Amino acid sequence: MKGAVQQEPAYVIHRRPWRETALLVDLFTLNHGRMSLVARGANSAKSPLKAQLQPFQPLLVDWVGKSDLKTLMQLEVRSAPLLSKTRALYSGLYLNELLQRILPTADPYQTLFADYIESLQALTALASDGDVEPVLRRFEIGFSAALGYDFAWDQATDTGLSVQAGARYGYDPAQGIVSILAPGIRVGQLQGEALLALAAGDLTSEAPRKTAKRVMRVLVDFLLQGKPLHSRNLFSHSVSSSGRTP
């Protein structure tokens, strides 16, 4: 059948009711990126699709259609442990919102798809009070790189010089790390030591993790272009129990 795709690895990143008994489902897929599908009858009481089309559930999906809005034909549920702990669940919803609100449609991001699976596995393996921030920062870094906003933590783009311990730097989404804090630079007073630690992959020590959080928050907001993230509200309500918000 023309326009048909079969056995495509996919995850549900968002769904909502559509017309009388259908669901409109946003998927993140291996070979087609973010796709929107109509699952006809999936919102009816007798359909098994409503239970199968759950976030974080790995699927193999068949669809047809020539327009941007495809029609789900069949799916196969693959086994995997699902997110159940509160902070891990909220973190997964945050990843899904990034994908759903920022990724363009129908562009493949195969490396990011692998990063997403790795992040879900890491969140699933965490204890109930586990530290989700390193998982989120790694995904944000890979996510921004996939969209063309990667940068070197240890390189100042305005001078071309390496970051030095003891110096202070800034960050701007359009430039990366900079040494001259010109007007309009989004983040300032970044410690050279923390940037060097991040370049070495340290996302757990206090100074690097705070620096990464500041920088990635600005970059994510830049990519969102004013779109809200509901998962941040969920995290704000969990501060009392954890003392930290991603």
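**Figure 1. The largest cavity of the predicted model.** About 30 Å³ of space lies in the largest cavity, and the structure holds one cavity of 30 Å³ or more. A cavity is defined on a 1 Å grid over the protein atoms alone, as a set of points where a 1.4 Å probe fits but cannot get out; lining residues have an atom within 4 Å of a point. Grid points are joined across faces, edges and corners, and the volume is the space filled by probe spheres set on the points. The lining consists of Val25, Leu27, Leu37, Ala39, Leu53, Val61 and Leu72. Strands β2 (22–29) and β3 (33–39) each supply at least two residues of this lining; helices (H or I, at least four residues) and strands (E, at least two) are DSSP runs, numbered from the N terminus. By class, seven lining residues are nonpolar, none is polar and none is charged. Here Ala, Val, Leu, Ile, Met, Phe, Trp, Tyr, Cys and Pro count as nonpolar, Asp, Glu, Lys and Arg as charged, and the others, Gly among them, as polar.

The model is predicted, and local features need pLDDT of at least 70, side-chain atom pairs count only at pLDDT 80 or more, and totals for chains, interfaces and linings use all residues. Residues are numbered from 1 along each chain as its sequence is written, and side-chain values use heavy atoms, with hydrogens and water left out.

Figure 2. UniProt, in an unreviewed entry, lists residues 7–78 as "domain: DNA replication/recombination mediator RecO N-terminal"; the positions are given in the numbering used here, feature names are shortened, and annotations may be inferred rather than shown by experiment. The span is 6% helix and 58% strand, and its end C-alpha atoms lie 11 Å apart.

Figure 3. The structure holds nine salt bridges, a salt bridge being a side-chain nitrogen of Lys or Arg within 4 Å of a carboxyl oxygen of Asp or Glu. In one of them, the side chains of glutamate 97 and arginine 101 meet at 3.1 Å, N to O. Both residues belong to helix α2 (residues 86–102) and are four residues apart, about one turn of the helix. Glutamate 97 is buried, with a relative accessible area of 11%; buried means under 20% relative accessible area, exposed over 50%, and partly exposed in between (1.4 Å probe, protein chains only). In helix α6 (residues 206–224), glutamate 206 and lysine 210 are likewise four residues apart, separated by about one helical turn. The closest N and O atoms of this salt bridge are 2.9 Å apart, and glutamate 206 counts as exposed, at 54% relative accessibility.

Figure 4. Arginine 232 forms a salt bridge with aspartate 221, with 2.8 Å between the closest N and O atoms. This pair links distant parts of the chain, with arginine 232 in helix α7 (residues 230–236) and aspartate 221 in helix α6, eleven residues apart. Arginine 232 is buried, at a relative accessible area of 18%, whereas aspartate 221 is partly exposed, at 34%.

**Figure 5. The largest nonpolar core.** This core has 44 residues, and those with the most contacts inside it are Phe28, Leu99, Tyr116 and Phe143. A nonpolar core is a set of buried Ala, Val, Leu, Ile, Met, Phe, Trp, Tyr and Cys residues joined through side-chain atoms within 4.5 Å. At least two core residues come from each of β1 (5–18), α2, α3 (110–125), α4 (133–146), β6 (168–172), β8 (187–191), α5 (192–199) and α6. The largest share, eight residues, is supplied by α6.

**Figure 6. Residues with positive phi.** Most residues other than glycine have a negative phi. Glutamine 7, which is not a glycine, has a positive phi of about 55°. Glutamine 7 is found in strand β1 and is partly exposed, with a relative accessible area of 41%. For phenylalanine 56, phi is near 75°. Phenylalanine 56 is found in the loop between α1 (49–52) and β4 (59–64) and is buried, at a relative accessible area of 8%.

**Figure 7. Two buried leucines and their C-alpha separations.** Leucine 59 is placed in strand β4 and counts as buried, at 0% relative accessibility. The C-alpha atoms of leucine 59 and glutamine 175 are separated by 38 Å. Leucine 98, in helix α2, is buried with a relative accessible area of 0%. Leucine 98 and leucine 37 are 18 Å apart in space, C-alpha to C-alpha, and 61 residues apart in sequence.

Note on methods. 1 Å grid on protein atoms, 1.4 Å probe; cavity = no way out; pocket = protein on both sides within 12 Å on 5 of 7 lines; lining within 4 Å.
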